[in-house]
There are 2 protein chains.
Amino acid sequence: MELISENRAFGGRHCRYRHTSKVNQCDMTFAIYLPPFASQQTPVPVLYWLSGLTCTDENFMQKAGAMKLAARLGLAIVAPDTSPRGDDVADDPAGAYDLGLGAGFYVDATQSPWQQHYQMYSYVTEELPELVESAFPVTRERAISGHSMGGHGALVVALRQPQRYVSVSAFSPIANPTKCPWGNKAFSAYLGGAPEQWSDYDASMLLAKQRYSLPILVEQGGNDQFLTEQLKPETLLCSARTSSTQLTLNMHEGYDHSYFFIASFIDEHLEFHASHLGLL
Amino acid sequence: MELISENRAFGGRHCRYRHTSKVNQCDMTFAIYLPPFASQQTPVPVLYWLSGLTCTDENFMQKAGAMKLAARLGLAIVAPDTSPRGDDVADDPAGAYDLGLGAGFYVDATQSPWQQHYQMYSYVTEELPELVESAFPVTRERAISGHSMGGHGALVVALRQPQRYVSVSAFSPIANPTKCPWGNKAFSAYLGGAPEQWSDYDASMLLAKQRYSLPILVEQGGNDQFLTEQLKPETLLCSARTSSTQLTLNMHEGYDHSYFFIASFIDEHLEFHASHLGLL
């Protein structure tokens, strides 16, 4: 694991690392924020943040304004990249922003040419936490959140592996990817087959089948340009009702899909996770 | 004035505008954050933020995490670009980051080929405030701050025109530009002549000559790679003692020159300005 950069921030440390990923068979980059006083004697829980299309490990750390409260709560944050990277990693031939590099969709690809490197589900749920928990002064208590494609990722990951995550939230998630253009395009390429075979990567379908035992928090901008065609939070809400899962969907009039929206409400999500992690 | 983009943020609005600048003789871009409840009936004061080398109007708004407290305080923030822009605007032939585009240094250039467009001192002290105060629900109470080259700009502007600014602060300012490589290179090009003729654009020289009637707040990272060669805050501190000006220089061990440093302490600066603006 190679340290790329380190910045002191809010009394803690923001570091970027490069490491060789076994599951993705390429070098991966991630960022970690460690709050003040995190040490082997006083390890802290971790919030994993999954970013959206076109993002890297940097967007959330630079733009969300989350570190101030994370420092106060004693919460580490880990932000992985959104896809495998490198010259030999397959990309969309047309260079589309919503397939290939920057668009891993947090699935384990089964189809050529993607399956060699695009194993983002295994990477974020297993390989990355193992690495983080072996290398940093953190506990095995994990929370997870994300934005857009990363909101989809966070919900799917937590719903499929509830034993691994104490709490889950999402901003503007792609909540029903098997029924929207972004999800159809990505899942067709990465997973092949037909939409009904992709249900394990669709938060709305997962939640309709099975009750999730903890409350779920979802934040959504009412002026989000992708709301109707791509995000479909109302479907997720219906699924939660079907399975008697407690889901809070906060709609915010006038807010869009940008990091200005995330920054406006990130503190509420940190407090939500902190309460489940026993930090409050 | 043309609206480029608008985002709802923390109950207020973040907007980017393009307008034709008379003094710079080109189109200029700036960003404004208007807190909730700013209206013609309840106008709010403005903090001008001057950014550093290579920045645009976007860096501070996206990375500083200032809007949350600005919203609560009822403080608008205006962030201009760091230089004139456009195909016919002179740039360093070698494309250096510290001269020409992105490096206006907040001076009124007198030398060819710069003098036609590089009139950033007049732009930030006169043209931009006039525009902002005519177009938005703001008062004529102005505070000013900035980072690095923009910290230099903020200090110079306030020291030269104390009647126009209620308070001034700076992060990592180029505090003695006539005695550092960045300042020498830029002032040689823009102003010509010799260092002793540039004293009106050197905060340390201005402050040594004349007492500033209000306290000045300066934040500096101890691990800043530019500290010794380029920034020289100790010279500014000596000048403040010479003129019996109250200047607080907060040195922060381990912090660098990045926006992670600015974000870590921006709230203290907002509160400093808010207290002078009567918002606290």
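Which residue caps the N-terminal end of H9(B)? The points below answer this and go on to the annotated site and the chain contact.

1. The model discussed here is predicted. Ser258(B) is the residue that caps the N-terminal end of H9(B). One of its side-chain oxygens lies 3.1 Å from the backbone nitrogen of Phe260(B).

2. Helix H9 of chain B runs over residues 259-276, 18 residues in total. From the first C-alpha to the last it reaches 24 Å, which is close to the 26 Å expected at 1.5 Å a residue. The helix is bent, by about 50°, at Phe265(B). After H9(B) comes Gly278(B), with a positive phi near 75°.

3. H9(B) is largely enclosed by the rest of the structure, because 14 of its 18 residues are buried.

4. In chain A, the UniProt entry, which is unreviewed, carries the annotation "active site" for Ser148(A), Asp224(A) and His257(A). These residues span 110 residues in sequence, but no two of their C-alpha atoms are more than 10.8 Å apart, so they gather at one spot.

5. Ser148(A) sits in the loop that joins strand E6 (138-146) to helix H4 (149-160) of chain A. Its relative accessibility is 4%; the cut-off for buried is under 20%, so Ser148(A) counts as buried. Leaving aside residues up to four places away in sequence, Ser148(A) touches Gly52(A), Phe171(A), Ser172(A), Pro173(A), Ile174(A), Trp182(A), Leu231(A) and His257(A). His257(A), in this list, also belongs to the annotated set.

6. Asp224(A) is in the loop between strand E8 (216-221) and helix H7 (227-231) of chain A. With 5% relative accessibility, Asp224(A) counts as buried. Residues up to four places away in sequence again set aside, Asp224(A) touches Ser172(A), Leu231(A), Tyr255(A), Asp256(A) and His257(A). The side chain of Asp224(A) also makes a polar contact, at 3.2 Å, with the side chain of Gln220(A).

7. How much area do chain B and chain A bury between them? The figure is about 1,800 Å², with 53% of it on carbon and sulfur atoms. Within chain B, the residues that lose the most area to chain A are Arg8(B), Gln62(B) and Phe260(B), together 36% of what that side buries. The contact takes 22 residues from chain B and 22 residues from chain A.

How values were computed. Residues numbered from 1 in each chain as written. Chains lettered and ligands numbered in written order. Predicted model: local features only at pLDDT ≥ 70, side-chain atom pairs only at ≥ 80, totals over all residues. Heavy atoms only, no water. Helix = DSSP H or I, 4+ residues; strand = E, 2+ residues; numbered from the N terminus. Expected span 1.5 Å × (residues − 1). Bend = angle between axes of the 7 residues up to and from the residue. Buried < 20%, exposed > 50% of the residue type's maximum accessible area, 1.4 Å probe, protein only. Polar contact = N/O pair within 3.5 Å; in protein donor to acceptor, adjacent residues only side chain to side chain. UniProt positions renumbered as here; feature names shortened; annotations may be inferred. Contact = heavy atoms within 4.5 Å. Buried area = accessible area lost by both parts, 1.4 Å probe.
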